[in-house]
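This briefing goes through one protein chain, topic by topic. Please look over the sequence and the structure before reading on.

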Amino acid sequence: MSQLPQAFLTRLKRHFSDEQLLFSEAERYAYGYDNSRQQATPALVVRPATQQQVQQLLELCHEFQLPLVSRGSGTGTAGGAVPLESAIVLSTERLNRIIKIDPANRAMVVEPGVTNAEVQQAAADHGFFWPPDPTSSAVCTIGGNLACNAAGPRAVKYGTPRENVLGLKAVTAEGKLLKTGSYTTKGVVGYDLTRLLIGSEGTLAVITEATLKLTPLPEERVTLRALYTDISSAAEAVSAIMAQPITPSTLEFMDGQALRMIRNARQTDLPDNAQALLMIEVDGPVSSIEQDARKVATRAQNGGCLEVMVADTPAKVEALWSLRKALSPTLRTVAPKKINEDVVVPVSRIPELVNGLQQLGETHHVTIVNFGHAGNGNIHVNLLVNPDDSEEMARADACLAALFSLVLKLEGTLSGEHGIGMVKRDYVSLEIDPVTLELMQRIKLLFDPHGILNPLKKLPAL
Ligand SMILES: Cc1cc2nc3c(=O)[nH]c(=O)nc-3n(C[C@H](O)[C@H](O)[C@H](O)COP(=O)(O)OP(=O)(O)OC[C@H]3O[C@@H](n4cnc5c(N)ncnc54)[C@H](O)[C@@H]3O)c2cc1C
C-alpha cells in the first residue's frame with residue numbers, strides 16, 4: 001500500500017472513481033519504467049478523464065506537496081516518465097479524444113493521450129498529416145511527443161512539434177489552467193509559452209489539449225537507398241544533399257556496425273562491402289517529383305558510393321522502412337542496457353562527428369553503433385555496454401565525456417529529441433551557461449513553486 005497522507009486520499013476519492021485510481025503494487029509497478037530501462041514504483045497511479053480532474057489532482061498534490069509525473073505510453077528513452085521520489089503517476093490513457101479536425105484551418109485539436117498513429121490516421125482521412133513521426137508512432141502519445149519535442153525522420157523537411165503546434169492547454173503545478181498560442185498560423189501576442197512548454201518534459205505543466213498544425217499529404221514520394229564503402233563518404237553525401245535546394249523529406253543514416261547488426265538479425269540484400277547506408281525520401285507534386293529525386297540522387301553519389309537504388313515498389317519501400325525501424329529493438333536484443341545518446345551537430349560537421357566517433361570507439365574499446373536522422377545532423381549514438389561490467393562502464397563514461405565535448409566543439413547540442421529526463425541531467429551544465437541556467441531554474445519555480453512536477457529531471461539541481 002502507498003504511504004500517501006490519509007487526508008489527501010480522502011479528498012482525492014471525492015473527485016475520482018475507484019477504477020481511476022490504481023493502488024495495488026503490481027499495477028503501480030507497471031507504470032514505473034520507460035524505454036530507458038530505469039524503474040521506480042509510483043506511490044499511486046491516477047487516470048484522469050477530464051481536464052477538470054487534472055486540475056483537481058494537481059491542486060491537491062500542490063497543497064500536500066506531493067511529487068507527480070505525467071505519463072503517456074512510457075516509450076521515452078531518457079527516464080522522463082520514471083516516477084522518482086515515489087511520485088504519483090498521472091497517466092493520460094483516458095485523455096484520449098480527438099476533439100476536432102478542421103481541414104479549412106489545417107488544424108486538429110486533441111487530448112494528450114491520443115497516439116501519434118491515431119492522429120496520422122485521422123488527418124490522412126482528410127488529406128493531411130502531422131509532420132512529427134517518431135519511429136515509435138504506433139504507440140507513443142501526443143503528450144509525450146510534445147513534452148520531448150519528439151520528431152523523427154520527417155523533421156528534416158517539416159520540422160519538430162515546436163514548428164507544428166498552434167497552441168496548448170496545460171495545467172500548472174498549482175492546478176491553474178493555462179492557454180498558450182492562438183488558433184491561427186500567425187500570432188505574436190504575449191510571450192511564446194507554446195514553445196516553452198513543448199520540450200519541457202513534464203517539469204512545468206501537464207499538457208491537457210493541443211491544437212496541432214496539419215500539412216497536406218504530398219502527392220507523390222520517391223524512396224532511395226544509397227550504399228557506401230565507408231562512413232565518411234556517407235557523411236559527405238549528407239552534407240552535399242543538404243547543400244542543394246531540394247529538401248528531402250527523410251534523410252536517415254546507418255553506419256557499418258548498424259548494418260552488421262541487421263545482417264545478423266535478418267535476411268537482407270546488403271552487399272558485404274556496404275559500410276554505410278542512407279535512406280532518402282523526396283516528396284512533392286507528381287509533375288516535379290522525378291526530376292527532384294534525380295537531383296538528390298546525383299548529390300548522393302561520390303567516390304565512396306556503391307549504388308543509389310530507387311525502391312520502386314511498395315514492398316521495397318516497406319522493406320527499407322522495416323529495416324530502419326527494426327534497428328532500435330535489434331540493438332536492445334544485443335545489448336539490453338546499452339547507452340543511447342541522441343546528439344546533434346550542424347549538418348556540415350557530420351563528417352567530423354562520424355570520424356571522431358570511430359576514433360572514440362577505438363580509443364576507449366567500446367562498440368559504438370550509429371544511426372539516425374542525418375538530415376538534421378541528429379545521430380543516435382549507441383554504446384553497446386553491459387552496466388554490470390564496472391571496468392567497461394568506466395571506459396564508457398570516459399567515452400561519453402569525450403563524445404559530449406566533441407559535439408559541443410562542433411557547435412552541436414547534447415540531445416535532439418529524446419530529452420534530458422533523469423539520465424542526462426548531469427551533463428546539462430556542459431552546454432548551458434550559468435546565467436541562462438539560472439533563468440531556467442527561475443522559470444521552473446514560477447510554474448511549480450514546490451518543485452512537485454517531475455522531480456530530479458531536465459535541469460541540474462539548484
Ligand atoms: C522503438 C522506439 C523508437 C523511437 N523513435 C523515436 C524517434 O524517431 N524520434 C523521437 O523523438 N523519439 C523516439 N523515441 C522516443 C519516444 O518514443 C518519444 O520520446 C515519445 O515522444 C514518447 O512518448 P510517450 O507517450 O511514450 O511518452 P512517455 O515516455 O510516457 O513520457 C515522455 C516524457 O513526456 C512527459 N509527458 C508525457 N505526457 C505528458 C503530458 N500530457 N504533459 C506533460 N508531460 C508529459 C513525461 O513526463 C516524460 O517526461 C523512440 C522510442 C522507442 C521505444
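The C-alpha centres of domain 1 and domain 2 lie 27 Å apart. Domain 1 covers residues 100-216 and domain 2 covers residues 220-409, with bounds that come from an automatic or database domain assignment. The model is predicted, with local features needing pLDDT of at least 70 and side-chain atom pairs counting only at pLDDT 80 or more, while totals for chains, interfaces and linings use all residues. Residues are numbered from 1 along each chain as its sequence is written.

**Where the domains touch**

- In domain 1, 6 residues are in contact with 11 residues of domain 2; contact means that the C-beta atoms of two residues, placed from the backbone, lie within 7 Å.
- The side of domain 1 that touches domain 2 has 3 nonpolar, 1 polar and 2 charged residues.
- Here Ala, Val, Leu, Ile, Met, Phe, Trp, Tyr, Cys and Pro count as nonpolar, Asp, Glu, Lys and Arg as charged, and the others, Gly among them, as polar.

**A pair of helices**

- The axes of helix 8 (residues 231-242) and helix 10 (residues 286-300) come within 8 Å and cross at roughly 145°.
- Axes are lines fitted to C-alpha atoms, for helices over the stretch in contact, and angles run from 0 to 180 degrees between N-to-C directions.
- Helices (H or I, at least four residues) and strands (E, at least two) are DSSP runs, numbered from the N terminus.
- The crossing of helix 8 and helix 10 is right-handed; a crossing is called right-handed if the near helix is turned clockwise from the far one by less than a right angle, and left-handed if anticlockwise.
- Ala-237, Ala-240 and Ile-241 of helix 8 meet Val-296, Arg-299 and Ala-300 of helix 10.
- That contact is made up of 5 nonpolar residues, no polar ones and 1 charged.

**The largest nonpolar core**

- The largest nonpolar core holds 119 residues, of which Leu-68, Val-238 and Leu-278 touch the most other members.
- Such a core is a set of buried Ala, Val, Leu, Ile, Met, Phe, Trp, Tyr and Cys residues joined through C-beta atoms within 7 Å.
- A residue is buried if 20 or more other C-beta atoms lie within 10 Å of its own, exposed if 12 or fewer, and partly exposed in between, with C-beta atoms placed from the backbone.
- Helix 8 gives this core its largest share, 7 residues.
- Domain 1 and domain 2 each supply at least three residues to this core.
- Beyond its neighbours within four places in sequence, Leu-278 has contacts that include Ala-234, Ala-237, Val-238 and Ala-300.

- Met-422 is in the loop between helix 13 (390-409) and helix 14 (428-431).
- Met-422 counts as buried because 23 other C-beta atoms lie within 10 Å.
- Leaving aside neighbours within four places in sequence, Met-422 is in contact with residues including Gln-38, Val-82 and Leu-456.
- Leu-456 lies in the segment after helix 15 (434-447) and has a positive phi of about 65° although it is not a glycine.
- Leu-456 is partly exposed, with 18 C-beta neighbours inside 10 Å.

**Two residues in strand-to-strand loops**

- Arg-106 sits in the loop between strand 5 (98-102) and strand 6 (107-110), and its phi is near 50°, a positive value in a residue other than glycine.
- Arg-106 is partly exposed because it has 16 C-beta neighbours inside 10 Å.
- Lys-176 belongs to the loop between strand 8 (165-172) and strand 9 (177-181).
- Lys-176 is partly exposed, with 14 other C-beta atoms within 10 Å.
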